[in-house]
Structures are given as C-alpha cells and as structure tokens.
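Hi everyone, thanks for making time for this. Let me put a structure on the screen, and then we can walk through it together.

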Amino acid sequence: MIPSILKLDKGGMPVAWIRWQTAATLYARKRVCWEAGEERFVVRGGTCARTGRVSELRIGSIIAVADRSRRFEGSAPLLTNRTLFQRDHNLCMYCGNQFSPGLLTRDHVVPASRGGSSAWENCVTACRHCNQRKDDRTPEEAGMKLLAIPYTPNLAEYLILSNRRIMADQMEFLLSFARKKAA
Ligand SMILES: [Zn+2]
C-alpha cells in the first residue's frame, strides 16, 4: 500500500495530498518538475505488446507539479473535532491535561449562545469537566485561564492534521512550513 504523495506547486509550496495513481498520471504527462523526498515507490504498468517489457514508474514521496493548483491561501482548513483536538495535541486548554479524543469536547471560548463563532480562533479543546465548569460563560467570567490562544492552522499544518500516515521525509518537509509556535 503506497501512502499519499505530497504535492507541491512548482515553487515548492505544499498544496495537497494526492493518491499515487494521480501522481502516476502527472509523471506520464510530464508535469512533475522535481522531487524533494527521499522515498521512491516503484509501480508496474502494463506490458508492452511489442517488446514484452513491463513498464516501471518510480514515484517520489514529494513531487513538485507544474499546474494551476491553488495554494488555498486565505481559506481556512475544515474545523472538525478531530482536527481541533489534533491542533491542541489532545490537551484540555483549561486544565492542561491530556485526554483520549473520546473524553474531549469542543469549547467555544465566547459561547455560541453569546454570538461566539465556530471559527478556529474561537474554538479550543476542553475536557468534559472543564467544559461543564465553564458552562455558558467566557473564560474571564468563569475565572478560568486559557493556556493558549486559538489559531487557524496554515496549509502545511492542515496537511499534517489531515493525514494519519505521513512518511518521515514528508513530515520533515511540512514541519519546515508549520508556524513557529510562540514559546
Ligand atoms: Zn480540563
């Protein structure tokens, strides 16, 4: 099973995960400009009727493609409980304890009932206990301190969050684009 291939634009910015079959098509169309990863996957194509040789294609784990793919700049990644909990490393942003995802909840910093939005900047991971204690209040009203300011992940961070099988070279590449966390 070949993992997803990390697609870059021709300037080297990460764009998307693609299936190896899609990557193979891009190689066949000579759209792959260069490769950045260390891994290569050999896939076998059809047998040539004339020579009897089986065609082979080597697919890189990270490929830069010359096409019109957008970088999705400015558009926020989809906010789901899974991506939210991953952004916060399964830590409750109030008590700081780590929980399994089943024990975590999505907390609206400014409660939805008070006009708080469901955007990344207003949502944090909270354990059930802290979420109940905070209730329908802001952190200030509840006397609870947020451990980190919620933020919208950039595309590299989103690509890290959205794939559970990332190869070491792909992860290293993406981490170089991830926002430097404030100490
Ligand atoms: Zn908590």
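Let me start with a question: is C130 buried or exposed? Keep in mind that this is a predicted model. With a relative accessible area of 4%, C130 is buried. The cut-off here is under 20% relative accessible area.

So what does C130 do in the model? Its SG is among the protein donors of the zinc ion, together with the SG atoms of C92, C95 and C127, at 2.3 to 2.4 Å from the metal. Along the chain these donors follow the spacing C-x2-C-x31-C-x2-C. C95 sits in the loop between helix 2 (81-87) and strand 7 (104-108), and C130 belongs to helix 3 (residues 128-134), so this pair ties together parts that are 35 residues apart in sequence. C95 is partly exposed, by the way, at a relative accessible area of 34%.

For those of you who care about geometry: the 4 donor atoms subtend angles of 100 to 118° around the zinc ion, and therefore the arrangement is tetrahedral. The ideal value for four tetrahedral donors is 109.5 degrees.

Let's zoom out for a moment.

Now over to strand 1, residues 5-9. How many of its residues are buried? The count is 5 of 5. I5, K7 and D9 point one way from the strand, while L6 and L8 point the other way.

Strand 1 has two partners to show you. With strand 2 (residues 14-18) it runs antiparallel, joined by 4 bridges, and I5 has I18 as its bridge partner there. In the hairpin of these two strands, G12 takes a positive phi near 95°. With strand 6, strand 1 pairs in the parallel sense, over 4 bridges, and L8 is partnered with A64.

Last stop, the nonpolar cores. The largest has 14 residues, and I5, I18, A23, L26, I59 and I63 have the most contacts inside it. Helix 1 gives the most to this core, with 4 residues. Leaving aside neighbours within four places in sequence, I5 touches residues including W17, F41 and Q170. A second, separate core of 12 residues includes W17, A156, L159 and L174.

Terms used:
Residues are numbered from 1 along each chain as its sequence is written. This is a predicted model: local features need pLDDT of at least 70, side-chain atom pairs count only at pLDDT 80 or more; totals for chains, interfaces and linings use all residues. Side-chain values use heavy atoms; hydrogens and water are left out. Donors are N, O and S atoms within 2.8 Å of the metal (3.2 Å for Na, K and Ca); water is not among the atoms, so sites may look incomplete. Four donors count as tetrahedral if all angles lie between 85 and 135 degrees; four count as square planar and six as octahedral if opposite donors are over 155 degrees apart and all others between 65 and 115; anything else is irregular. Buried means under 20% relative accessible area, exposed over 50%, partly exposed in between (1.4 Å probe, protein chains only). A nonpolar core is a set of buried Ala, Val, Leu, Ile, Met, Phe, Trp, Tyr and Cys residues joined through side-chain atoms within 4.5 Å. Contact means heavy atoms within 4.5 Å. Two strands pair if DSSP finds at least two bridges between them.
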